[in-house]
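Dear colleague,

Please find the structure below, handed over for your use. My notes on selected contacts follow it.

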Amino acid sequence: MNIIKDLSTYSSTTPLSLSIGMFDGVHKGHQSIIKKLNAIAEKKNLESAVFTFWPHPRKVFNPDEELHLLNTIDEKTYLLEKNGVQNLILKEFDEPFRNLTGAEFVEQILVEKLNVKHLIIGYDHTFGKNKSGDFNLLKKMAAELGFEVEQVEAVDYKNRHISSTQIRNALRDGNVKDAAEMLGYLYSVSGKVIHGKKIGRTIGYPTANISVHPMKLLPKKGAYIVDVFVKNQQLKGMLSIGTNPTVDGNSLSTEVYILDFETDIYGEEISVNFREFLHDEIKFESLEKLIERLDEDKKLTEAFYR
């Protein structure tokens with residue numbers, strides 16, 4: 001996939017079939033857009049492209065906001081490429097761009113710079129300063145500037161439109177199964193294994209402490225059954241998100257106990273896929289009670305994989 005990060009000196013020599021949006025999660029709704037994007041590109045001898053932003057525009061409008069997304073930029077890039085997108089345009093939402101009207105964005109960026117011949121947008125997409133760009137403006141300008149435009153309908157799940165917001169809400173509720181249904185794949189987090197307090201090893205449950213990207217959305221605090229990927233192996237795991245209240249912890253950590261695994265993996269990249277929610281974070285009255293619950297969680301995890 002061709003990745004364009006600087007539009008100041010770029011102009012596309014290849015006519016494009018393009019879509020615009022954040023594409024956070026690259027969920028089933030996004031996938032329906034990409035499928036159409038690729039089909040149009042093949043039919044009309046164009047190249048497919050996605051125009052998106054990094055960092056998220058909300059960080060420009062509210063720089064102090066604690067923003068959590070479904071994908072890091074690396075994850076989003078991987079998913080877009082996996083779905084067949086040929087070109088990814090990553091635009092910083094800077095002040096000059098923020099002040100472009102919808103019409104200026106279409107003429108100066110889409111037509112003059114990117115050579116867009118077919119534009120596909122989601123059912124609710126708006127763009128430009130004060131959201132001055134919408135499907136009606138695009139239809140009018142398409143006729144004037146020589147490109148085609150179409151709007152893709154939403155994809156529904158449980159009688160609601162699939163959206164990044166719906167998926168984030170599901171994850172915040174610990175509902176990883178509904179999140180996976182809307183995404184079309186299992187939600188995951190990844191990062192390097194770092195040193196923690198090493199309390200787990202003293203009670204027979206040594207954990208790998210994962211350093212997760214600060215903008216990556218973590219599901220609800222609690223315990224989960226997860227697939228673990230490390231050193232080209234897929235393993236079974238029990239993951240905990242929380243502050244370890246039983247031992248008076250106060251900082252959020254993401255730790256995974258890997259079943260039947262004793263290798264030292266400090267400094268290794270590790271990834272986990274969320275399979276099932278086990279229970280909320282619990283403050284136990286003693287380490288013995290914690291161990292009893294871990295024993296029960298282990299039995300449930302082993303039974304899940306049978």
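The side chains of Asp280 and Lys220 form a salt bridge, with 2.9 Å from N to O; the term stands for a side-chain nitrogen of Lys or Arg within 4 Å of a carboxyl oxygen of Asp or Glu. Asp280 belongs to strand S14 (residues 269–280), whereas Lys220 sits in the loop between strand S10 (208–212) and strand S11 (222–230), so the pair ties together parts that are 60 residues apart in sequence. Helices (H or I, at least four residues) and strands (E, at least two) are DSSP runs, numbered from the N terminus. Asp280 is partly exposed at a relative accessible area of 37%, and Lys220 is partly exposed at 29%. Here buried means under 20% relative accessible area, exposed over 50%, and partly exposed in between (1.4 Å probe, protein chains only).

Please note that this is a predicted model, in which local features need pLDDT of at least 70 and side-chain atom pairs count only at pLDDT 80 or more, while totals for chains, interfaces and linings use all residues. Residues are numbered from 1 along each chain as its sequence is written, and side-chain values use heavy atoms, with hydrogens and water left out.

A search of the whole structure gives 14 salt bridges. Another of them joins the side chains of Asp297 and Arg293 at 3.1 Å, N to O. These two residues are four apart in helix H9 (residues 287–304), a separation of about one helical turn. Asp297 is buried, with a relative accessible area of 3%, whereas Arg293 is partly exposed at 26%. A further salt bridge links the side chains of Glu95 and Arg98 (3.8 Å, N to O). Both residues lie in helix H4 (residues 95–98), three residues apart, or about one turn of the helix. Glu95 is partly exposed, with 44% relative accessibility, and Arg98 is partly exposed with 26%.

I turn now to helix packing. Two packed helices are described by the angle between their axes and the distance between the axes. Helix H7 (residues 164–172) packs with helix H8 (residues 176–183) at an angle of about 160 degrees, and their axes are 8 Å apart. Axes are lines fitted to C-alpha atoms, for helices over the stretch in contact, and angles run from 0 to 180 degrees between N-to-C directions. H7 and H8 are therefore roughly antiparallel; angles under 35 degrees count as roughly parallel, over 145 as roughly antiparallel, 65 to 115 as roughly perpendicular and the rest as oblique. In their contact (heavy atoms within 4.5 Å), Gln166, Ile167, Ala170 and Leu171 of H7 meet Val176, Ala179, Met182 and Leu183 of H8. By class, this contact has seven nonpolar, one polar and no charged residues. Ala, Val, Leu, Ile, Met, Phe, Trp, Tyr, Cys and Pro count as nonpolar, Asp, Glu, Lys and Arg as charged, and the others, Gly among them, as polar.

Helix H5 (residues 102–113) and helix H6 (residues 135–145) pack at about 45 degrees, with their axes 11 Å apart. That angle makes H5 oblique to H6. Gly102, Ala103, Val106, Glu107 and Val111 in H5 meet Leu137, Leu138, Met141 and Leu145 in H6.

Finally, Thr72 is located in the loop between helix H2 (57–61) and helix H3 (73–82). Thr72 is buried, with a relative accessible area of 13%. Leaving aside residues up to four places away in sequence, Thr72 touches Trp54, His213 and Lys216.

With kind regards
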